[in-house]
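Open your viewer and get the selection tool ready. We will walk through one model together, stop by stop.

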Amino acid sequence: EKLTIFTWKPSGELIISPDRVLFDLSPLPSRPSHTDHNESDIFDLQKVIPFAEDVDLSSAASLVRFLLDDRVDVKLVKGQYLVELQREGKTWLRRQEVPPHGFVTREEVERWTPAHGNCKIISVSHVWETREHPDPLGFQRDQVLEILAETGFQPDNCWFFIDFMSLFQFRRLEQSQEKCFRLSMQHMHVFYAHDHTWTLVVDELTPHKLLQEAEEKDITVWYDPEEVLKPIPLKELVHNRVPYLDRGWCIGETNWTSMRSKPKRIPDMTKDGYCRAPMSPEVFEERQENMKFTHRSDAPVVLEVHKKVFKLKSQATKLVLERLPEEEVDVLNYSLPHFHRLQSLLLTCCNIKHGALERLISNLSPSLQQLHLRQCDPALEDLQGKFVVQQLASRFPTMKRLDLEGNKLGDATAQALGDLLSSGWPLKTLNLERNCVGDAGAQRLAEVIANHPAIHMNLEANELGETGKDAIRDALVTALRCGAKPNFQPYCLLREARAVVA
């Protein structure tokens, strides 16, 4: 295990390992302050807040404790307040200027649970379009509400984490605000990787035409030379037009989102129609060379946070992924060897080429109990399916559930499965729904039903003829007369068999 050493230099710099400065917590320049904290408080990070490993990314109670911790002092924004801002033509406000009614109260957080019907906690992943304000014309504000409307989420039933409004922003005039901000940055992944939060992605920038038309418009921002909030013409702000998927923080947030145990992204895919796979720290670090950061010093921070998230999430026993393109399947293959405890993998509508599927199977833990390969693109088809199930039986001798729904599998695959099940492969559930199994495959599986009736088998929406249906019906009759309770679909065949026995 890697041991990370935290050391304080006399200047107030926090050193992680012998030579890398991650956070500079030296005192702010002298200015009027109303803080009631001792200045020395900010120099003992471990005493200020537990490290991120103490935030259980699968526990709702742990998330609530984190949100209530005054040492990070994060505020969630009410969805109806975002609607109010839009109605009044106002852009997002700095945390320091948001009125109390715009925030979720402490009492509301204390009562919150992830139960159905309760408010959803949604973290917004977006770009900062200018250095001074992330969304100077309210384009992203409108995008958030538009995406909610398109996906059926009600603003009144949503609480938002929006960094500009949820965390203290520049200039932080009190030491306590600076401390809370920096500690929050350490725990940024909690908002995007926790199993009981959602991520809403705004990956569009304000259209250039709108910026040109509004270049003389005054935007209220912090004006540091005068140390005041002040209207500044849009054209005088420092703009940043780097695309969403080229930005380091945005890439980090989308990757942390992909490591939830279930997909919770709004919308549920990127503009190209695909989703993302968990990325190993090695691949993330390699790709970080091409990522853009407003402050290059953020790069090691994002990498360290990513390592934390991946280490925690790679202990998962279940992984659910949808619509992965071919290149993301490659990313997944680099990550799977780290998932030593994985018991269940569900992949739906993923672009898995033959070679990638071979690597995927070999990269999974031999103790895997459930594998779902639904509607692969391209479909597995019959000859590949036969090879795959033989490989699966060899690699996973204790597998209990196999789901190959919607893969154009035919008789060759069904017969191979029949041979493997008859030879003792201990599957309890086999789903071949929406495939192309015909009479020959059905007859082989009928033999399995007669001799191993405890297997739950689904052959709905295949190409069974009367010969195949008769074979399965007869096998079900045999099992029922032996006192077994077979579980089979299509249910109509089971019902007919029960009528015969009765």
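Here is a short tour, starting with confidence and ending inside a cavity.

This is a predicted model, in which local features need pLDDT of at least 70, side-chain atom pairs count only at pLDDT 80 or more, and totals for chains, interfaces and linings use all residues. Residues are numbered from 1 along each chain as its sequence is written, and side-chain values use heavy atoms, with hydrogens and water left out.

**Stop 1: colour by pLDDT.** pLDDT is the predictor's confidence in each residue, from 0 to 100. The chain averages 87, and 88% of the residues score at least 70. Now select residues 1-53: pLDDT stays under 50 there, and the model has 95 contacts for them beyond four places in sequence (a contact means heavy atoms within 4.5 Å). Where pLDDT is low, the predicted coordinates should not be read in detail.

**Stop 2: the sheet.** Helices (H or I, at least four residues) and strands (E, at least two) are DSSP runs, numbered from the N terminus. Two strands pair if DSSP finds at least two bridges between them. Show the open sheet of 5 strands, whose order is 4-6-5-7-10 with mixed pairing. Strand 4 and strand 10 (265-266) are at the edges with a single partner strand each, so one side of each has no neighbour in the sheet. Zoom in on strands 4 and 6, which pair in the antiparallel sense over 2 bridges. Pick lysine 78 and you will find its bridge partner, tryptophan 159, in strand 6.

**Stop 3: helix 3.** Select residues 79-87. Which residues of helix 3 are buried? They are Gly79, Tyr81, Leu82, Glu84 and Leu85, where buried means under 20% relative accessible area. These buried residues pack against strand 4 (77-78), helix 5 (139-151), strand 6 (158-161) and helix 6 (163-166). Glycine 89 follows helix 3 and has a positive phi, near 70°.

**Stop 4: serine 184.** Look in helix 7 (residues 175-186) for serine 184. Serine 184 is buried, at 1% relative accessible area. Leaving out residues up to four places away in sequence, serine 184 touches Val72, Val74 and Leu167.

Stop 5: A cavity is a set of points on a 1 Å grid over the protein atoms alone where a 1.4 Å probe fits but cannot get out; lining residues have an atom within 4 Å of a point. Select Thr257, Ser258, Pro263, Cys275 and Arg276, which lie nearest its centre among the 14 lining residues. Helix 10 (248-258) and strand 11 (318-322) are the elements that give two or more residues to this lining.

Definitions and conventions: On a 1 Å grid over the protein atoms alone, a cavity is a set of points where a 1.4 Å probe fits but cannot get out, and a pocket is an open set with protein on both sides within 12 Å along at least five of seven lines; lining residues have an atom within 4 Å of a point. Buried means under 20% relative accessible area, exposed over 50%, partly exposed in between (1.4 Å probe, protein chains only).
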